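The following note sets out points for a colleague who is about to examine the coordinates.

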Amino acid sequence: MRDSSFKEIQDKQDKVTLGNIKGRFTSGDNISVPLIQRYGRCGYNSAYRVFEKLVSEGKIKRGEKITSVSKFM
């Protein structure tokens with residue numbers, strides 16, 4: 001039960017973070033976990049989960065190298 005409530009808390013935080021960054025980025029903008037942290041007013045873990053979710057949804061194109069810039073689609 002404790003794990004499911006923790007997951008629910010994470011999901012709520014991620015929704016808040018997505019709401020805070022919605023409209024901040026347009027197609028072609030550079031995007032990164034630190035930018036999501038700044039605009040989303042959240043910690044690294046939440047920003048990373050949101051970043052990965054947006055990548056999996058095809059809204060962010062990840063840079064080809066680990067140091068490359070990611071782009072908002």
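1. Ser46 is a residue of helix α3. The model is a predicted one, and in it Ser46 has a relative accessibility of 6%. Because buried means under 20% relative accessible area, Ser46 counts as buried. Setting aside residues up to four places away in sequence, Ser46 touches Gln13, Asp14 and Thr17.

2. On confidence, the average pLDDT of the protein is 87, and 95% of the residues score at least 70. The lowest confidence is found in α1, with a mean of 86, and the highest in α3, at 92.

3. Lys15 is a residue of helix α1. With a relative accessible area of 64%, Lys15 is exposed. Lys15 and Val55 are 40 residues apart along the chain, and 16 Å separates their C-alpha atoms.

4. The largest nonpolar core has 12 residues in all: Ile21, Phe25, Ile31, Val33, Ile36, Cys42, Ala47, Val50, Phe51, Leu54, Ile60 and Phe72. At least two of its residues come from each of α2 and α3. Helix α3 gives the largest share, 4 residues. As general background, nonpolar side chains in soluble globular proteins tend to be buried together.

5. Ile21 is a member of this core. When neighbours within four places in sequence are left aside, Ile21 is in contact with Ile36, Tyr39, Gly40, Val50 and Leu54.

6. Which residues of α2 are buried? They are Val33, Ile36 and Gly40. These residues lie on the same side of α2, because the arc that they cover around the axis is only 60°. In general, an α-helix has 3.6 residues a turn, so residues three or four places apart point the same way.

7. How many aromatic pairs does the structure hold? There are 3 aromatic pairs. In one of them, Phe25 and Tyr39 are arranged edge-to-face, with 5.6 Å centre to centre and 75° between the planes. Phe25 belongs to the loop between α1 (2–21) and β1 (30–31), and Tyr39 to helix α2 (residues 33–40), so this pair ties together parts that are 14 residues apart in sequence. Phe25 is buried, at 9% relative accessibility, whereas Tyr39 is partly exposed, at 28%.

8. A stacked aromatic pair is formed by Tyr44 and Tyr48, with 6.1 Å centre to centre and 15° between the planes. The angle counts as stacked because planes under 30 degrees apart are classed in this way. Tyr44 and Tyr48 are 4 residues apart in helix α3 (residues 44–56), so about one helical turn separates them. Tyr44 is partly exposed, with a relative accessible area of 49%; Tyr48 is also partly exposed, at 38%.

9. Ring pairs also link Phe25, Tyr39 and Phe72 into a cluster.

10. The backbone after α2 deserves a look. Helix α2 is followed by Arg41, which has a positive phi, near 50°. Arg41 is not a glycine, and most residues other than glycine have a negative phi. The place of Arg41 is the loop between α2 and α3, where Arg41 is exposed, with a relative accessible area of 67%.

11. What is the order of the strands in the sheet? The order is β1-β3-β2, in an open sheet of 3 strands with antiparallel pairing. Strands β1 and β2 (60–61) are the edge strands, and each of them pairs on one side only. Between β2 and strand β3 (residues 70–72), which run antiparallel, there are 2 bridges. Lys61 stands opposite Lys71, a residue of β3.

Technical notes
Residues are numbered from 1 along each chain as its sequence is written. This is a predicted model: local features need pLDDT of at least 70, side-chain atom pairs count only at pLDDT 80 or more; totals for chains, interfaces and linings use all residues. Side-chain values use heavy atoms; hydrogens and water are left out. Rings of Phe, Tyr and Trp (its six-membered ring) pair if their centres lie within 6.5 Å; planes under 30 degrees apart count as stacked, over 60 as edge-to-face and the rest as tilted. Buried means under 20% relative accessible area, exposed over 50%, partly exposed in between (1.4 Å probe, protein chains only). A nonpolar core is a set of buried Ala, Val, Leu, Ile, Met, Phe, Trp, Tyr and Cys residues joined through side-chain atoms within 4.5 Å. Contact means heavy atoms within 4.5 Å. Two strands pair if DSSP finds at least two bridges between them. The arc is that of the directions from the helix axis to the C-beta atoms. pLDDT is the predictor's confidence in each residue, from 0 to 100.
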